[in-house]
Amino acid sequence: MGCCGSAERTKREWRPLEDRSCTDLPWFLLFTVFCAGMGSICGFTIVTGGAARLVFGYDSYGNTCGQRNEQIEGVRLSGLDHTDRKFVFFLDPCNIDIVQRKIKSMALCVSLCPTEELKTYQDLRRFAMLNGSELCSYELAGHKYPGLPERFEKCPKLPVPPSKPLPVFNRCTPVDVSCYAKFAEAVVTFVGDNSVLHRLIAGVAASKEIIIGLCVLALVLSMILMVIIRYISAVLVWILTSLVVLGSLAGTGVLWWLYIDHQLYGNNTSSKTQKEVKEEVEVSRDSGQALLVYAVAATVFTVILLLLMLFMRKRVALTIALFHVAGKVFIHLPLLTLQPFVTFLALLLFWIYWILVLLFLGTTGNPVQNEETGLTEFRLTGPLQYLTWYHAVGLVWISEFILACQQMTVAGAVVTYYFTRDKNRLPVTPILSSVLRLVRYHLGTVAKGSFIITLVKIPRLILMYIHNQLKGKENACARCLLKTCICCLWCLEKCLNYLNQNAYAATAINSTSFCTSARDAFVILVENALRVATINAIGDFVLFLGKILIVTSTAFAGVLLLNYQRDYAEWLLPLIIVCLFSFLVAHCFLSIFEIVVDVLFLCFAIDTKYNDGTPGKEFFMDKALMEFVESSRRLERAVERGRCRVKEAVSEGAEMKPMLRFCSAANTHLDSMLDASS
């Protein structure tokens, strides 16, 4: 089967919701095999002990805490029985490698974490004698700690801070995290004073109820906006259009005014030396040329913008109509508002699983002695080291697969709504019906579309990693080339995302394979290129304004609620958290609205292409879209009548020309006769 469905019929016959069949089955099988490989990696880490070493911890000699261990060849003090030693204790927990983000200290398995500060070696000996938990290396006897010469290297750094074990992960962690201040400063680079950091954290702790309330407010505002945007879309669109036009005209006018003012009054060089006058003349000439370039560029931009507005003014009405219908879709399909929650939950669960398996991989492999520290570490060697790359590809592909499932589910529900003439006969739960169709027929299509995005995203991520690693080392040409490649891949990814979304909608309509659906959707979009440009430009900006509205409303409410805290420095972190969360929530919800608008437009374009409202070819569209079509037809008929009248006038004028010439000649002859008689 050809990639673009060459074996199928060349002329597409759109038959919405009539036929259903499995699409892209080989890709579903490939994705299933890939997921089985991801599961095998998890099983491998569990069988080889990597999971146990992560959960229970291990010491610097390769022994897993809390169990009996086998001897590791070439590693002394390995193979010990640590059944009674269940906790990992670091001799110097504050010795953190900020670059590698790990503790460089020696680790031991102990039976009890020190719950109080130990200031001297006598305190270490007393703790070992009373609790049976020896905090120095295994070969040192607890009762001899104060007199042993090795105590400076193989015993904890004094004073030993009080600690307690982490839940699940049995690591002794200092109760006072002040020893991690250096690490915290490296992570939070914008904080130069620890007191500022403490005040910010204290502000978050004191305002946690307000933060939670504001996050709920952002959630409620996003859901309300999705419903009421149908009523305010016309106002928003025309206000936006007017502001853009007026802003462009005003900016162009100001630039020309500055240029003319500079030419008239910018050359005042009185009472200055000849050298200063020469320098000022050069600077003034350069400034004048720059202002001229800016003014001309602004003029060209304004003219192009006005022409676009002139030619696209009718299509703005389509954007308003689509927004109106999208609001009605959410009223008929209220479960659409739950899609962001379901998708976020699925992504969260998968990311947690992925991070756990990645941590398992970090403690899986063969024991290797670190040449710098002499400590035993576990590393994957040989072909097994590529398991991490396989796992990384799985992160991108499966994440994109989950997002694509959301797009296909929303597209299926909207297609069902659009192509059901009697809205009272809609399925009880169109969203659930769309999910069932996706699982039964179209998982292969989603797997293929998400894989294409993965092929573009992974090279971009690799180039971004290389760019970060070479920051400050590469020359300007290499830096420019890397940024250009990253930008091009980003643009390609965005274009493919948009095409994929429309391909999923075409699959939901006609149950065709991914490449066939992508081709059909691309043809429809090209035929309606100006409409697509209008909807994407104006619609996306209106939705962006909606996001800004939610963020500013939430931030304003936050300022009012936090007003009782007179230390205004404590406002910063709570407001940042609230604004970020509100923008994330607004983006998730309005992205669903954007998908609905795009799917509605594709359905509308198909409807108007293959139906004309005559018996047997009735439209499927909503009343608002029908009014837009009728107004467009009336305008077209008026334009056509005007053209016909012009043609008739031209033809009548052509017929009158011989008669006019005869009358003119007769008048001339009559005038000459009158002159002769006179």
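Buried means under 20% relative accessible area, exposed means over 50%, and partly exposed lies in between, with a 1.4 Å probe and protein chains only. By that scale D520 is buried, at 6%, and R519 is partly exposed, at 27%.

Some background on the model. This is a predicted model, in which local features need pLDDT of at least 70 and side-chain atom pairs count only at pLDDT 80 or more, while totals for chains, interfaces and linings use all residues. Residues are numbered from 1 along each chain as its sequence is written, and side-chain values use heavy atoms, leaving out hydrogens and water.

Next, confidence. The average pLDDT (the predictor's confidence in each residue, from 0 to 100) is 78 for the protein, and 78% of the residues reach at least 70. Residues 1-11 stay under 50, and residues 182-195 are also below 50. Where pLDDT is low, the predicted coordinates should not be read in detail.

Now the salt bridges, meaning a side-chain nitrogen of Lys or Arg within 4 Å of a carboxyl oxygen of Asp or Glu. The structure has 9. One of them joins D520 and R519, at 3.5 Å from N to O. A network of salt bridges with shared partners links E400, K457, R460 and E493.

E400 sits in helix α10 (residues 387-418) and K457 in helix α11 (residues 430-469), so their pairing ties together parts 57 residues apart in sequence. Helices here are DSSP runs of H or I, at least four residues, numbered from the N terminus. Both E400 and K457 are buried.

Key
Contact = heavy atoms within 4.5 Å. Helix = DSSP H or I, 4+ residues; strand = E, 2+ residues; numbered from the N terminus.
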